[in-house]
Each structure stands twice: as structure tokens, then as C-alpha cells.
Amino acid sequence: MSLKKYGLSTFGDLESYRQTFTFKNRRTKEDITSSNIIGVLEGKSKKDEYVIISAHYDHLGMKKSGAGDLIYNGANDDASGVTGVLALAAYFKKVGHERTIVFAAFTAEEMGLIGSTYFGKGIDAAKFVAGINLEMIGKTPSFGPNTAWLTGFERSDFGKIIQKNLEGSGYQLFPDPYKKFNLFFRSDNASLARLGVPSHTFSTTPIDVDPDYHQVSDEAETLNITVITQTIQAVAIGTESIINGEDTPTRVILEEDK
């Protein structure tokens, strides 16, 4: 992931784009060393206020046995989201932004949000005004074309800000329709949300019926590139007022729904 060509600087006191750390595999108890990949575009008038745009680059590895394709490529989950992070870095580098934007590709999301949890331990969460997480944006949603859904919609006014900014764009954002899956707490947005940051995940995939979710069939050929492109464009339009400091979402509410 070449962040240098987008003109991104390193984060905090890191000497490179890699935030490397070691953690224990909960199943095997082995130590694993891995890295979050992080780059920064410093803001202008509000450089001490941070917005993070994130996705995870890990997936499930390989099947232990069997015939045929054994590799879990994770094209939708979540190479599609990483593509969005890179595209948005290029976009905001070009158009400008008042707040500082942190772009992160997190490791070990599938093992329990490990990369984003580690990242969260090293930040002053009060300085982070919003988290924009992209997860599985490669398929047409159940709501139809030119739509996406947002996890934890009712937990802050982040989603309402996005909806307002998308008016007239032909693109619509809906609350997460899959309540029973508890998706707000199953992607990297949760690591920051637990610190109070209004951090939410955009997705387009009808996860209840998607035949490729967590299967070796999650390949690039199954993705709708138009959906990915339109979703990234909508996220850019929808979040621009937050990134430029005109809107600040309310802090997130974490109480579990009764």
C-alpha cells in the first residue's frame, strides 16, 4: 500500500507507515507480529482535530485441507474497503481538508479487532471527532443500487449528517438492517467507538444472503466495481462537511439496545 505517492506523512512518532506490534493468537497461543498501515494528511485550520478513515487488510488465511482453491482472498472483505481508503486519500489530498485525516489499514480484524484495538490504546480519543470505516462495499445492497447502510446509526448523529450531505446526489444511506448480527461491534469502528468516538461502518453487502461471505469464493470476480466506485464517491460527499469542520457528530452512545 503505497501511501508515499499520495503525499501522506507518518502518524505520531512512527518512523514509517507501519505500526508494528506483537500479540498472542487466542486459539494457538502463539505470538504473532504484524502491522497496522497508517498515513496522515495534516489539516489546515483544525489540524488538532482528527478524522480517521479505515478498513482492514487481513482476512482468513488458508483452508487447512481440501481440494481446489484453499485461499481466502477476501476481495469484498475487505480489499474493497482498503481500495476506498486509498481512493479517499487521493481525493482529499487533491481537494483539501480543514481537519487532519488519518488513513488506516488495520491488521487482525478477523481475529477480534486486534489491530484497531492496539491503535486505540495509543491515541487521545478526545481529539478524534469521527471514524469512517469501510467494510465490504463491493455488492449491491438489499436496498437497491446507489445505497449503502451504516452500522450503529442510532448511536450518534453521524448518519444523519451523511444523509443531509447526500441529499440531491442520487445516493441514499440507510441504517443497518441486520440488527441480529450486532455488526456495530464486529468491525474496527467498534475499537474507537468504545473510546467515545462517533465511529461507524459503511457497507453495501446483503450479508444475510451473500454466498461469498467468509468463503474462498470471495474473489474479485464476484465484486461490482461500479458499486465500489459509487460508494466511495458517496462517502466522499457524505463526510466532507465533517472533514472540513463544518459538522461535528455527537459522541457515540454505547449502551446495548434493550
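**Close-up views of a predicted model**

Figure 1. Eight salt bridges are found when the whole structure is searched. One of them pairs Asp210 with Lys139, with 2.7 Å between the closest N and O atoms. Asp210 belongs to the loop between E8 and H5, and Lys139 to the loop between E5 and strand E6 (147-150), so this pair ties together parts that lie 71 residues apart in sequence. Side chains of opposite charge can pair in this way when their charged atoms come close.

**Figure 2. The open sheet of eight strands.** The strands follow the order E1-E2-E4-E3-E5-E8-E6-E7, and their pairing is mixed. Strand E1 (18-24) and strand E7 (172-175) stand at the edges; each has a single partner strand, so one side of each is left without a neighbour in the sheet. From one strand to the next, the twist averages 25°.

**Figure 3. Pairing of strands E5 and E8.** Strand E5 (residues 128-134) and strand E8 (residues 199-203) run parallel and are joined by four bridges. Within this pairing, Asn133 has Thr201 of E8 as its bridge partner. Strands of a sheet pair through backbone hydrogen bonds, in either a parallel or an antiparallel manner.

**Figure 4. Helices H1 and H5 against the sheet strands.** Helix H1 (residues 75-95) lies across strand E2 (31-41), strand E3 (46-56), strand E4 (99-106) and E5. The direction of H1 is at about 150° to E3. Helix H5 (residues 225-243) lies across E3, E4, E5 and E8, and runs at about 170° to E5.

**Figure 5. The largest pocket and its lining.** This pocket holds about 320 Å³ of space. Its lining consists of 16 residues, and Arg27, His59, Leu60, Glu110 and Met111 are those that lie nearest the centre. By class, the lining of the largest pocket comprises six nonpolar, four polar and six charged residues.

**Figure 6. The second largest pocket and its lining.** The space in this pocket amounts to about 240 Å³. Of the 18 residues that line the second largest pocket, Glu109, Glu135, Leu183, Arg186 and Tyr213 lie nearest its centre. The lining of the second largest pocket divides into five nonpolar, eight polar and five charged residues.

Key
Residues numbered from 1 in each chain as written. Predicted model: local features only at pLDDT ≥ 70, side-chain atom pairs only at ≥ 80, totals over all residues. Heavy atoms only, no water. 1 Å grid on protein atoms, 1.4 Å probe; cavity = no way out; pocket = protein on both sides within 12 Å on 5 of 7 lines; lining within 4 Å. Points joined across faces, edges and corners; volume = space filled by probe spheres on them. Nonpolar A, V, L, I, M, F, W, Y, C, P; charged D, E, K, R; others polar. Pairing = 2+ DSSP bridges. Helix = DSSP H or I, 4+ residues; strand = E, 2+ residues; numbered from the N terminus. Axes fitted to C-alpha atoms, helices over the stretch in contact; angles between N-to-C directions. Contact = heavy atoms within 4.5 Å. Salt bridge = Lys/Arg side-chain N within 4 Å of Asp/Glu carboxyl O.
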